[in-house]
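Keep the viewer open as you read.

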Amino acid sequence: MSFRSVKPSRMALTLVVCCVCLVLSSMVLYVHDDLGWGSQSGLDLLSRGFDGENGRYLGNLLVLGLTRSQLFKTLFMGICLTLMTLLPAMNAPRERRTSAMLLMCCLMGALPTNIARQTLGWVSGFANYGTSATLIAAFLLPALALVSDFDPARAPRPAWWPALFVLGLAGALLMENVTIFFCVVPLGLYLYGLRRGVRAHGMLLCSLGAVCGAALMFSNSVYGVIFSGGDSYGRTISLLNAPLQALAACWNTFATDMVYPFLLDCIPMLLAFSVALLAQAVRERGTNRSRLLAAARYYCICMPLWPIVQKLHPLYAPLRAYTPHLTAALCLLYAVSLGVVLLLSFPQGATRRRCLLLYLSVFVLVAPLSAVTPVGGRCFLPSYVIMALLCTLLMQEAFAGVRLPHAHAALALVACFYAALWLHVYYFNARTQDERLAYLYEQVEQGAHSAVIAELPYPGYVWIASPYDPSEAMTFKRFYGLPEDLELTVISYPEWYTLRESK
């Protein structure tokens, strides 16, 4: 496809998205252990080959570079954000691609803060999870093309085989659950392709690259320590327990740590799923569909009411201490019901296979997380991108052939709202960071032995941006070149604002 065949409006949208992502990335701060990675301690980890730390070698190398160059951080994060937003839209038919791009912009703009603060608001987190999401989005382009009709012409061409091998290798050196994804999903596509008479050797090479990466990752000595239960970070694997204990531990992890970042915090996306399924039900009105499909579909349509009720009435707990388990059961039922809808809504064909590939990809990414601790919001950025792609696909199928004259304008308006929100938040956080550092340097020049440091105006969008304990304060001072004997006291942003205005 040549550039001349691309609509000017689509090119303009791509340029705008890229510019917004680059500007936003330029305002991302170094926080929490970014400061350690960007200091001598990061070089010390490199000198010992990250042994005893983790086997996420590509992510670790990226962090070392990102925390030492503002330009590299801005370009890398900006390009990754652009790609994970727009690459999924490239799976849509050409005539629907603009609407797919706009919908992806809206869904990515609605990214829950619980995920964003540990990825976009944390360079170290983004190096692993943002990169993983981008590589998965890139992998899904040839994967979805392959499953569309299993035409040998759709299989990755030999020229792309080395790239797919490197893609699998790189994806396996970021996060453990992403390693499993790149080992399992490409191999599954290759084997399924063989049943359909297609030899997708590129998928096999991608899986082989991931297996090589997995061997390298798990050669790190830290995994032996984790399996023995002695990890200093508190990392555990529930599957090492007795079967019933392991099952109970997995359920508790799912109920306490996973249901909100995975589903319940994603209310805009859940509502988009509901709109797509409701439109699909209206289109099929009068047809003879199974009761199981109807029940599953209407449960998925109504399920967003529960997280909305919880947001509006946070103290409402119908089962008291067991309410989290009720919530987890509702989420699990939602996941099962959505699978039933995807199986029964579409006839055997490309749409069904594409939807099921995305659904199973989310399962492969998320299921292993229930067996480990700790689990944070950052772990769900790759699965969120896949769910956004699945939602986009369902929306386009539900409204195919329906004329919606102002749909693009409405989606563009929503995307602009989210862009303004994120830019506003990160601008004021970045400005406050500059102000508080200037104040600290001024205090040092005046010979002060103690100083205050303000919290950011929007701390919920950043991962631990203020040095609350002595060890964090020491790392903060070393990274920014402040005297180690300078005593820092964290104050609230309103206090800082009053102090600044009084001068």
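A salt bridge here is a side-chain nitrogen of Lys or Arg within 4 Å of a carboxyl oxygen of Asp or Glu. Please keep in mind that this is a predicted model: local features need pLDDT of at least 70, side-chain atom pairs count only at pLDDT 80 or more, and totals for chains, interfaces and linings use all residues. Residues are numbered from 1 along each chain as its sequence is written, and side-chain values use heavy atoms, with hydrogens and water left out.

**Charged pairs**

Side chains of opposite charge can pair when their charged atoms come close. By the salt-bridge rule the count comes to six. The table shows three of these salt bridges, including that of R96 and E397.

| Salt bridge | N to O distance |
|---|---|
| R56 and E176 | 3.1 Å |
| R96 and E397 | 3.8 Å |
| R478 and E484 | 3.2 Å |

Start with R56 and E176, whose side chains meet in a salt bridge. R56 sits in the loop between α3 and α4, and E176 in helix α10 (residues 176-195), so the pair links parts of the chain 120 residues apart. Helices and strands are DSSP runs numbered from the N terminus (helices H or I, at least four residues; strands E, at least two). Are these two partners buried or exposed? R56 is buried, with a relative accessible area of 17%, and E176 is buried too, at 18%. Buried means under 20% relative accessible area, exposed means over 50%, and partly exposed lies in between (1.4 Å probe, protein chains only).

The salt bridge of R96 and E397 also links distant parts of the chain: R96 is in the loop between α5 and α6 (97-109), and E397 is in helix α19 (residues 381-398), 301 residues apart. R96 is partly exposed at 24% relative accessibility, and E397 is partly exposed at 28%. In the pair of R478 and E484, R478 counts as exposed at 53%, whereas E484 is partly exposed at 44%.

R354 is found in helix α18 (residues 350-366).

R354 does have polar partners. Its side chain reaches the backbone oxygen of N91 at 2.8 Å, and a polar contact of 3.2 Å joins the side chains of R354 and S148. A polar contact is a pair of N or O atoms within 3.5 Å; within protein, one must be able to donate a hydrogen and the other to accept it, and residues adjacent in sequence count only if both atoms are side-chain atoms. Leaving aside neighbours within four places in sequence, R354 is in contact (heavy atoms within 4.5 Å) with N91, L144, V147, S148 and L393.

**Packing inside**

Helix α4 (residues 57-66) is mostly covered, with seven of its ten residues buried. Among them are Y57, N60 and L66. The buried residues of α4 pack against several helices, including α5 (70-86), α8 (123-149) and α11 (201-217).

In the largest nonpolar core, which has 158 residues, F139 and F182 touch the most other members. Such a core is a set of buried Ala, Val, Leu, Ile, Met, Phe, Trp, Tyr and Cys residues joined through side-chain atoms within 4.5 Å. Beyond neighbours within four places in sequence, the contacts of F139 include L167, F182, L189 and M203.

**Cysteines**

A search of the whole structure finds zero disulfides, a disulfide being a pair of cysteine sulfur atoms within 2.5 Å. For C21, the nearest cysteine sulfur is that of C18, 7.0 Å away. For C106, the nearest is that of C105, at 6.9 Å. C21 is buried at 11% relative accessible area, and C106 is buried at 7%.

**Backbone details**

Most residues other than glycine have a negative phi, and most peptide bonds are trans. The peptide bond from T373 to P374 is cis, with omega near -5°, and P374 lies in the loop between β2 (372-373) and α19. H32 has a positive phi near 50°, and R320 has one of about 55°. H32 is partly exposed at 29%, whereas R320 is exposed at 71%.
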